[in-house]
Amino acid sequence: MANNILPIFLFSFILSVALCSCSGDPALRGKKYLDGWCVVNTGAPADQLQAFLDYGCHELDCSPILPGGACYEPNVLLAHSSWILDKFYREGGFCKEGLGYITPINPCKLL
C-alpha cells in the first residue's frame, strides 16, 4: 500500500511546484533575475519546515497556499514549504540552508 502512495505524492508535489512557483521566464517571476528554483529538501525535519512556513507567512503574503488559494492543493507540508522557500528566494535572493536547495531544473519542465 505504501509503495502505491509515494508515486502519487511525488507527482502531486511536482505538479504543485510547477503550477505555483513557475513562470516560463525566470526573469518575470521576481524583482530580479535569479538562477534556478528553491525547492524543499525532502530530508529536512518537518518541525523546522513548519516553523519556517509559519515565519514566512508572517512576513509575506501566503494567500496562494491558504484554503481556496491557487496553490493550496496538494495540502501537504512539503508543497507549501517549497512554495514559501521559493517565494523567499524570489523576494530576498536566498534559499534557506538546510531546508531547501537551488535546482537548475525548472519544475515546470518535469510535467
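Helices (H or I, at least four residues) and strands (E, at least two) are DSSP runs, numbered from the N terminus. The model is predicted: local features need pLDDT of at least 70, side-chain atom pairs count only at pLDDT 80 or more, and totals for chains, interfaces and linings use all residues. Residues are numbered from 1 along each chain as its sequence is written, and side-chain values use heavy atoms, with hydrogens and water left out.

Start with the loop between α3 and β2, where G93 sits. G93 is partly exposed, at 34% relative accessibility. Here buried means under 20% relative accessible area, exposed means over 50%, and partly exposed lies in between (1.4 Å probe, protein chains only). G93 and C38 are 55 residues apart along the chain, yet their C-alpha atoms are separated by 9.8 Å.

A disulfide is a covalent bond between the sulfur atoms of two cysteines. The test used here is a pair of cysteine sulfur atoms within 2.5 Å. The count comes to two. One joins C38 and C95, with the sulfur atoms 1.9 Å apart. The torsion about its S-S bond is about 65°, so this disulfide of C38 and C95 is right-handed. C38 lies in strand β1 (residues 37–40) and C95 in the loop between α3 (77–92) and β2 (100–103), so the pair ties together parts that are 57 residues apart in sequence. Both C38 and C95 are buried.

The other disulfide links C57 and C62, with sulfur atoms 2.1 Å apart. The link of C57 and C62 is left-handed, with -95° about the S-S bond. C57 is partly exposed, with a relative accessible area of 31%. C62 is buried, at 5%.

Now turn to the interior. In soluble globular proteins, nonpolar side chains tend to be buried together. A nonpolar core is a set of buried Ala, Val, Leu, Ile, Met, Phe, Trp, Tyr and Cys residues joined through side-chain atoms within 4.5 Å. The largest one has 18 residues; those with the most contacts inside it are L49, F52, I65, W83, I84, L85 and L99. Two or more residues come from each of β1, α2 (46–59) and α3. Helix α3 gives the most, with six residues. Take I84 as an example. Contact means heavy atoms within 4.5 Å. Not counting residues up to four places away in sequence, I84 touches F52, L53, G56, C57, L60 and C62.

Finally, look at G36. R90, in helix α3, is buried, with a relative accessible area of 5%. The side chain of R90 reaches the backbone oxygen of G36 at 2.6 Å. T103, in strand β2, is buried too, at 13%. Leaving aside neighbours within four places in sequence, T103 is in contact with G36, W37 and V39.

Terms used:
Polar contact = N/O pair within 3.5 Å; in protein donor to acceptor, adjacent residues only side chain to side chain.
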